[in-house]
Amino acid sequence: VKPGSEEFSRFFAHWEPQVRRYLVWLEGDPSLIDDAAQETLISAHQYWTKVRNYEQPRAWLFKVAGQRLRDAQQARKRQGLSTAPYELPDRARFQDDFSVRDERLAILDAVRKLPAQQAAAIALQCQYDLPLNEIANIMDISIGSVKKHLHEARKNLRRLLGEDEGGDR
Amino acid sequence: MSIDDRLRDAARAVDSMWADPDGTRDRLARLQSQLEQEEVSAGSRLSRAHRGAGARTVAIGSAVPSGERGTVTATLVETRTTTASLREQIRDHVVDGIVDGRWQPGERIVERRIATELEVSQTSVREALRELESLRLIESAPNRGVRVRNLTAADLEESYSVRAGLEAIAAELAAEKLAQDCSALEAHVAALHEADRLWDGMAQARHTVAFHRELVRAAGNSVLLHTWEGLGIEVFTALSIRWLETEQRSYAEEHEELVAAFHRQDPRIAEIVKAHVLGCAPRTGRERS
């Protein structure tokens with residue numbers, strides 16, 4: 001199938017932004033999100049015969065997205081480039097996405113500091129309102145572990161953001 | 001404001017990101033051009049090679065339940081060496097990919113992508129691919145990269161008949177030695193009994209391969225062993241397992257018979273071994289049960 005085919009285009013239009021909205025909870029650097037999202041959709045295209053038949057491709061996509069993000073992060077680390085966002089030469093390309101630095105997004109910086117699994121669990125719960133069993137499925141862990149990660153995540157967030165809830169607003 | 005309120009707020013803010021359909025279209029176009037670039041450089045527009053009519057195509061991967069993806073070959077190799085070389089690890093990765101259906105017959109295997117994926121150099125990937133090419137799992141053509149061959153049952157059969165011949169020679173050479181001491185083989189027969197009892201297909205395959213390796217090794221002919229290893233027994237066993245699914249049969253008994261034949265110094269040992277190996281080969285005409 002050609003990537004330009006109508007079927008894949010529709011799939012892309014629907015899922016690509018969702019993949020990004022998941023990744024943005026895990027990574028603050030737009031170029032890494034960009035890389036990971038693109039690689040994820042390339043994989044979807046590569047495995048299209050399989051992916052197209054999924055009723056809910058979300059689990060597959062998010063699983064792959066998580067892996068591709070880790071790959072991209074590692075590759076970046078190996079290249080010894082700065083992982084700091086907004087300092088990359090081609091940042092202008094992402095102006096659309098990140099130009100309005102919404103204050104509401106500030107908490108994401110804290111989420112990204114969490115251990116990877118905690119951040120992923122929070123992202124899946126908060127961004128997509130997924131039930132525990134689906135989060136467990138995407139993360140390939142038990143429901144009990146999901147609960148644990150969510151609990152730990154909230155505890156850590158409270159610590160990271162200061163005990164006095166709401167005090168900073 | 002509680003943590004949860006703030007998280008909810010953030011989620012709403014994220015919802016509005018990348019919501020612009022124009023941006024999505026741009027990104028699709030970017031992905032498209034990247035894929036096309038790769039294709040053009042690979043020359044993959046050339047028609048895929050199809051095997052002659054009548055040959056049954058092995059749709060590797062199609063029969064594999066997605067939950068069972070994994071490393072059949074890797075597990076098989078483990079019994080031989082504790083640390084597989086980089087080339088072997090890469091080879092197994094590619095074989096698993098072919099078995100799992102990641103690469104369909106005719107599909108191009110991109111050296112660079114595997115190298116990035118496994119964080120190894122392209123040279124070692126090329127080395128591994130060359131080995132697979134010698135096993136005729138993949139084929140390469142100048143300026144067209146490497147492709148997965150359209151493997152047929154006949155291909156597997158060809159490999160098995162060569163193997164049968166080699167093992168017949170090995171049996172003759174090893175007959176005297178094994179008549180005195182068969183313990184190396186017996187260890188694997190015992191393991192096969194256990195594997196049969198548990199219907200453990202992986203263990204059955206592992207010990208079957210190990211049994212035959214010991215047999216060939218007992219011949220004490222390094223050229224023979226080298227040639228035998230060159231057939232990629234692990235790889236083809238892995239393919240056969242996936243393809244034929246786990247056939248419930250008694251592996252231990254078959255191999256026990258071989259051991260018995262060695263013990264009684266059967267003059268027809270070469271024939272017996274040959275027939276045994278050929279009996280393991282997947283047959284073109286046979287339907288999957």
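This is a predicted model: local features need pLDDT of at least 70, side-chain atom pairs count only at pLDDT 80 or more; totals for chains, interfaces and linings use all residues.
The size of an interface is often given as the accessible area lost when the parts come together. For chain A and chain B, this area is about 3700 Å², with 58% of it on carbon and sulfur atoms. Within the share that chain A buries against chain B, A:Arg21, A:Ile42 and A:Arg104 supply 15%, more than any other three residues. In terms of contacts, 46 residues of chain A meet 31 residues of chain B.

Between chain A and chain B, 3 salt bridges are counted. B:Arg27 forms a salt bridge with A:Glu16, in which the closest N and O atoms are 2.7 Å apart. On the side of chain A that touches chain B, several helices each supply at least two residues, including H1 (6–23), H2 (30–46), H4 (58–79) and H9 (143–160) of chain A. By class, this side of chain A consists of 21 nonpolar, 8 polar and 17 charged residues.

Chain B contains an open sheet of 3 strands in the order S1-S3-S2, with antiparallel pairing. Strands S1 (108–109) and S2 (138–141) of chain B each have a single partner strand, so one side of each is left without a neighbour in the sheet. S1(B) is joined to strand S3 (residues 145–148) of chain B by 2 bridges, and B:Arg108 stands opposite B:Arg147 in S3(B). Helix H6 (residues 122–134) of chain B packs on the sheet and touches S1, S2 and S3 of chain B. The direction of this helix makes about 110° with that of S2(B).

Terms used
Residues are numbered from 1 along each chain as its sequence is written. Chains are lettered from A and ligands numbered from 1 in the order in which they are written. Side-chain values use heavy atoms; hydrogens and water are left out. Contact means heavy atoms within 4.5 Å. Buried area is the accessible area (1.4 Å probe) that two parts lose on being put together, summed over both. A salt bridge is a side-chain nitrogen of Lys or Arg within 4 Å of a carboxyl oxygen of Asp or Glu. Helices (H or I, at least four residues) and strands (E, at least two) are DSSP runs, numbered from the N terminus. Ala, Val, Leu, Ile, Met, Phe, Trp, Tyr, Cys and Pro count as nonpolar, Asp, Glu, Lys and Arg as charged, and the others, Gly among them, as polar. Two strands pair if DSSP finds at least two bridges between them. Axes are lines fitted to C-alpha atoms, for helices over the stretch in contact, and angles run from 0 to 180 degrees between N-to-C directions.
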